[in-house]
Every structure is written in C-alpha cells, then in structure tokens.
Amino acid sequence: MNKQINFPNLGIYLENVGKSFDVFGFEIAFYGCAIALGIMTGYLLAAREAKRTGQNPEDYLDMLFFAVFFALVGARIYYVAFSWEHYKDNLLSILNLRQGGLAIYGGVIGAFTTVYFFAKKRNLSFRQMLDTASVGLVAGQIIGRWGNFFNREAFGGWCDGLFAMQIPVSAVRSSEITAEMWEHVEVLDGVRYIQVHPTFLYESLWNIGVLALMLLLWKKKHFDGEITLLYFAGYGIGRFFIEGLRTDQLQI
C-alpha cells in the first residue's frame, strides 16, 4: 500500500504514514495508540478538574476502567449497526478493532451510562461527575480523532480548500469514493489520489474550541450538569456540519 498522504495546498507531503509499527514482532496500530493517548489525556484532565472542585480524583480512576470498556463496546456496536453491509458476510471481522470502526455516538452512550451507575453505586453526584467527565471526554476526542488520519478513514467529499488532503485510491474503501472524487482523481508519479475534506482535522480543531469554552465557563456555571449540556450543544453543532461532509455517514 502506498503510504503517502499529502496536503498540497499547504505544501505538506508526508511520504511514509504507516498504519502501525512493530515492537518485538508484534504489530501495534497507530489508531489504537491515538485512542489510548486520548483516554490517558482525558483522564488526567478530568482528575485535575475533580481535585480542583473538591472531588476525589481516585473515583475517576476507578471509574475509568469500566467507562473505557463500555465506551468501546458501545462505539463498536453503534458503528457495526450502521455499517452492517461491511460485516454481514464476515461476522468475525466485527471483533477486529485494529482496522478502526468506532462511532463516537455509541462511545458517549456507553461512557455516560457507566457514569450514571458508578455515581449511583457510590452515592456521588451524577451531574457533577458528568460535568467533570465531559471535560475529559472532549479532550480525549481531540486526540483520538487522529486515529482516523492513520487509518485513512472518516474523510469528507472532494474539496480543493486550504486543508484539502490527498490519499491514495488504493488505501481507502471503494464504497467511500464518490463520483465527484473519481472525476477529480490526481495522478502523481503513477499513483492515483483522491482529494478530500480532512474531517478528522476539522472535528479535532472544533473540539479544542469546545473544550476551551467549557473550561472558561466552568467557574460561572449555575448548576451541576450545565457543562455537560454545553458539551452536547457545542460538540453537536460542530458534528452536525462536519458529518454532512463525510462519505461514510452513520445515519439512516
């Protein structure tokens, strides 16, 4: 597979962007590394906010293991449910997370459900924990989205804007290449490239703004749960427009 990814209008040409690397013969996917780094960053930020607001950071460490598990399960179930045509003939591929295929909607449902039961079990404030966890969640999303970059997935339709990204045709699923992309295929050194919206980048940058707003307004919030509502509103608005650009929209 050709490993090059280009941002021609920015003058950036990355010749060797692999999907994984080997450690003692064991292949480790960059997608998984991005998710793991996002989880760690999200936890550290949530723990910091917990300490600052008089909560016990250890509660969030205890909850983390359950939240990660159920978030991954929820994200995979959601993705597979809305991409069934890719899995119906090979059910074992559902278990193969190394090729990507996680939907944030399902992950949020799984994580927030975990927060509810964890808070109930320990007699903690569910809404306060949601506020704190939401800050960590959006921080994790900022980093985790870059897994899509390494996997050459979750991109948008053809574009020629400043951030336009070129990916080899051989590196993506043919079902995600639209007629307009085929019309504008670029051939460089004998390799065919599609040129698309890097929606992972758009979402990552948008979420930086959402996180900044959440942290800025934390001290001014009027009730527990307000920061969570801000997360849903801020992320939802951005995702509404970004999702419309994608060629693999998870919708009916």
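Tutor: Helices are DSSP runs of at least four H or I residues, numbered from the N terminus. The model is predicted, with local features needing pLDDT of at least 70 and side-chain atom pairs pLDDT 80 or more, while totals for chains, interfaces and linings use all residues. Residues are numbered from 1 along each chain as its sequence is written, and side-chain values use heavy atoms, without hydrogens and water.

Student: Which helix holds Asn 148?

Tutor: Asn 148 lies in helix 5, which spans residues 146–151.

Student: Switching topic, where is Leu 211?

Tutor: Leu 211 sits in helix 7, residues 199–217, and is buried as well, at a relative accessible area of 13%. Not counting residues up to four places away, Leu 211 touches Leu 45, Val 135, Val 138, Ala 139 and Ile 142.

Student: Which residues touch the most other members of the largest nonpolar core?

Tutor: In that core of 30 residues, they are Phe 112, Met 129, Val 135, Leu 211, Met 214 and Tyr 231; a nonpolar core joins buried Ala, Val, Leu, Ile, Met, Phe, Trp, Tyr and Cys residues through side-chain atoms within 4.5 Å.

Student: Which helix gives the most to this core?

Tutor: Helix 4 does, contributing eight residues.

Terms used. Helix = DSSP H or I, 4+ residues; strand = E, 2+ residues; numbered from the N terminus. Buried < 20%, exposed > 50% of the residue type's maximum accessible area, 1.4 Å probe, protein only. Contact = heavy atoms within 4.5 Å.
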